[in-house]
Amino acid sequence: MTGFDILLLILLGLVAGAAWWWHRRWRAMEARHEREVAEFHRRHETALHEQTSRMEAMLDGMIEGLLVLDSRGRIALVNQAAESMFNFSRKMMGGTLLQAIRNHEVAALASQASAGTTAIEHEVRLEGATPRIVQVSAVALRDSAGATTGAVLVFHDVTRLRELEAMRQDFVANVSHELRTPLSLIKSAAETLIDGGQNDPAITSRFLDIIDKHASRLTLLIDDLLLLARFDSEKVDVHPRPVSLRGAVQEAFDDAAFPARARGVTLENQVPDGLIVRADPERLRQVLSNLIDNAIKYGRAEGRVVIRGRTLAAGHVEFTVQDDGPGIPANALARVFERFYRVDKARSREQGGTGLGLAIVKNVVQAHGGEVRVESEPGAGTAFIITLPAARAEE
Ligand code: ADP
């Protein structure tokens with residue numbers, strides 16, 4: 001082997017070594033790159049997953065129902081609120097809006113929104129087992145080139161809001177009416193006196209009586225209204241303590257002795273001794289006097305009003321105010337606790353009623369953690385049944 005051959009061999013060896021070294025390094029770089037790509041994908045997937053779960057949680061946390069349609073008008077996404085609003089089952093995914101919620105008005109809104117550029121808002125009544133009023137906002141979804149890719153519909157249930165609005169309007173109308181009637185009577189009585197009636201002592205006395213009677217009615221009405229307003233804003237202080245039910249009934253009967261005698265009504269206290277309720281004595285007196293006054297007013301002339309009491313299980317006492325009057329018609333039973341509801345308006349006004357007595361009874365009883373209900377059969381009298389917490393043995 002010549003020197004040149006040896007040199008060639010060494011050179012070849014060096015080249016092969018360098019190639020092997022580069023190969024190893026290349027493989028290592030390749031493996032590292034693959035690891036980095038895999039790590040990137042993993043991180044990307046985790047981030048995407050987290051983002052999706054966050055978005056789902058946000059959408060499911062919304063009170064409003066949300067529904068997303070794809071470009072063909074098929075349902076692509078529904079949040080939990082919309083699922084329960086429309087009794088939506090997973091099978092409806094991919095179906096049309098009309099198949100899912102069966103409302104032409106909403107379907108028309110969605111297609112109108114998809115075609116337009118601005119959001120559309122409309123209030124829709126959804127029929128069903130429990131009809132609801134919903135405010136629907138629909139807006140088109142667009143890609144970066146401006147082409148429609150679907151629509152988003154947001155449903156806000158305003159049923160309760162509308163009910164409250166209607167109740168408020170009714171209430172204001174009722175209050176105005178209730179105030180206007182005695183006020184106009186007071187005014188016309190005063191005018192009669194001013195116009196010369198005061199010169200006749202008999203007329204003066206009659207019209208002053210009218211003024212006095214209706215001014216008292218106004219005071220009563222305003223007191224009742226203020227009390228109910230305080231119940232509404234939870235500002236009524238109730239200080240329950242052990243009270244003998246029989247004793248409280250006796251006091252209320254004593255207070256009602258005059259009107260009872262005037263109608264020839266007998267008052268019977270059949271509450272056993274030893275029944276002790278946990279109640280605010282003043283408020284209990286108010287409940288009893290409202291119920292007894294009603295039983296005397298609307299019960300039978302020369303009739304009987306009986307109050308009975310008993311202990312119930314689970315630490316409650318029940319008492320019943322029963323009269324033997326004409327009763328309350330079945331269709332009115334559910335409404336007698338409503339503010340200003342009267343079965344016979346003329347009769348109630350003639351008796352000086354405000355139409356708020358039973359609403360006050362209900363509020364007071366509920367503020368004690370009790371319940372009140374009414375049972376009546378036409379011709380067979382009326383019974384108001386109240387449960388109140390019993391006083392505990394250690395009290
Ligand atoms: P009011 O001031 O008119 O008495 P309430 O709220 O106390 O108002 O009662 C509401 C209505 O319920 C009354 O107008 C009356 O028509 C009816 N009602 C209440 N108690 C009786 C009863 N014991 N028997 C028959 N009807 C009653």
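A polar contact here is a pair of N or O atoms within 3.5 Å. The model shown in these views is predicted.

View 1. A polar backbone atom of Leu 358 is placed 2.8 Å from an oxygen atom of the ligand. Val 343 also contributes through its backbone, with an N or O atom 3.0 Å from a ligand oxygen atom.

**View 2. The shell of residues around the ligand.** The ligand is surrounded by 20 residues, and Tyr 298, Asp 323, Ser 348, Gly 355 and Leu 358 are the closest. At least two shell residues come from each of α9 (281-298), α12 (357-367) and β12 (382-389). The most, 4 residues, are given by α9. The shell is made up of 9 nonpolar, 7 polar and 4 charged residues.

**View 3. The largest pocket, whose space the ligand takes.** The largest pocket holds about 970 Å³ of space. Its lining has 40 residues, of which Asn 290, Asp 293, Asn 294, Lys 297 and Tyr 298 are the closest to the pocket centre. Two or more lining residues are given by each of α6 (201-232), α9, β10 (316-323), α11 (345-350), α12 and β12. Helix α9 gives the most to this lining, with 10 residues. By class, the lining has 17 nonpolar, 15 polar and 8 charged residues.

Terms used. Residues numbered from 1 in each chain as written. Predicted model: local features only at pLDDT ≥ 70, side-chain atom pairs only at ≥ 80, totals over all residues. Heavy atoms only, no water. Near = heavy atom within 4 Å. Polar contact = N/O pair within 3.5 Å; in protein donor to acceptor, adjacent residues only side chain to side chain. 1 Å grid on protein atoms, 1.4 Å probe; cavity = no way out; pocket = protein on both sides within 12 Å on 5 of 7 lines; lining within 4 Å. Sits in = over half its atoms within 2 Å of the grid points. Nonpolar A, V, L, I, M, F, W, Y, C, P; charged D, E, K, R; others polar. Points joined across faces, edges and corners; volume = space filled by probe spheres on them.
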